[in-house]
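Subject: Model for you to look over

Hello,

Here is the structure I promised to pass on. Please open it alongside these notes.

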Amino acid sequence: MDSQIRYTVIANVKTEHLEEYLNWLRNGHVQALIDEGGALSGEVVQLDSSPEGVSRVASNYIFPSRGVLDSYAGSEVAARLRGEGVSMFVDTKKVESFERLVGPIIFQYSK
């Protein structure tokens, strides 16, 4: 059986645009990855380690398998969602950069 996959996008958002970025994530983007992209869950974390004037935000998604993530990554849904982020935040220089991290979940504990 395939391991679940964690897909994380870290955005370095100019602090004055943080609320706009969070609202975009909150008001449709994260849910679209679940409803249309096949993610099982999504969470958004504002990271403590942020340089002056920049807020680091991690959007974490769990996919049921590498195959589902790969299907999403090559889909029209992914192209549309990436395109929205680029036009709203990269082209306008509200987000300085994005970093993507992907890997299998080896084990997980919860209460």
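The aromatic pairs come to eight. Rings of Phe, Tyr and Trp (its six-membered ring) pair if their centres lie within 6.5 Å. One cluster linked by ring pairs holds Tyr-7, Tyr-61, Phe-63 and Tyr-72.

Before you go further: this is a predicted model, where local features need pLDDT of at least 70, side-chain atom pairs count only at pLDDT 80 or more, and totals for chains, interfaces and linings use all residues. Residues are numbered from 1 along each chain as its sequence is written, and side-chain values use heavy atoms, with hydrogens and water left out.

Helices (H or I, at least four residues) and strands (E, at least two) are DSSP runs, numbered from the N terminus.

Leu-33 sits in helix H1. It is buried, at 2% relative accessible area. Buried means under 20%, exposed over 50%, partly exposed in between (1.4 Å probe, protein chains only). Leu-33 and Tyr-72 are 39 residues apart along the chain, with 8.5 Å between their C-alpha atoms.

Next, the strands. Tyr-7 stands opposite Tyr-61 in E3. E1 (residues 5-14) has eight of its ten residues buried, so the rest of the structure largely encloses it. Ten bridges join E1 to E3 (residues 54-63), and the two run antiparallel. Pairing here requires at least two DSSP bridges between the strands. E1 also pairs with E4, again antiparallel, over nine bridges. There, Ala-11 stands opposite Phe-98.

Now the helices. The axes of H1 (residues 18-35) and H3 (residues 76-90) come within 11 Å and cross at roughly 175 degrees. H1 is therefore roughly antiparallel to H3; the cut-off for that is over 145 degrees. Axes are lines fitted to C-alpha atoms over the stretch in contact, and angles run from 0 to 180 degrees between N-to-C directions. H1 contributes Glu-20, Tyr-21, Trp-24, His-29, Ala-32 and Leu-33 to the contact, and H3 contributes Arg-80, Leu-81, Glu-84, Gly-85, Met-88 and Phe-89.

Last, Lys-94. It lies in the loop between H3 and strand E4 (95-104). Is Lys-94 buried or exposed? Buried, with a relative accessible area of 18%. Beyond four places in sequence, Lys-94 touches Val-13, Lys-14, His-17, Glu-20, Met-88 and Phe-89.

Best wishes

How values were computed. Parallel < 35°, antiparallel > 145°, perpendicular 65-115°, else oblique. Contact = heavy atoms within 4.5 Å. Phe/Tyr/Trp six-rings, centres within 6.5 Å; stacked < 30°, edge-to-face > 60°.
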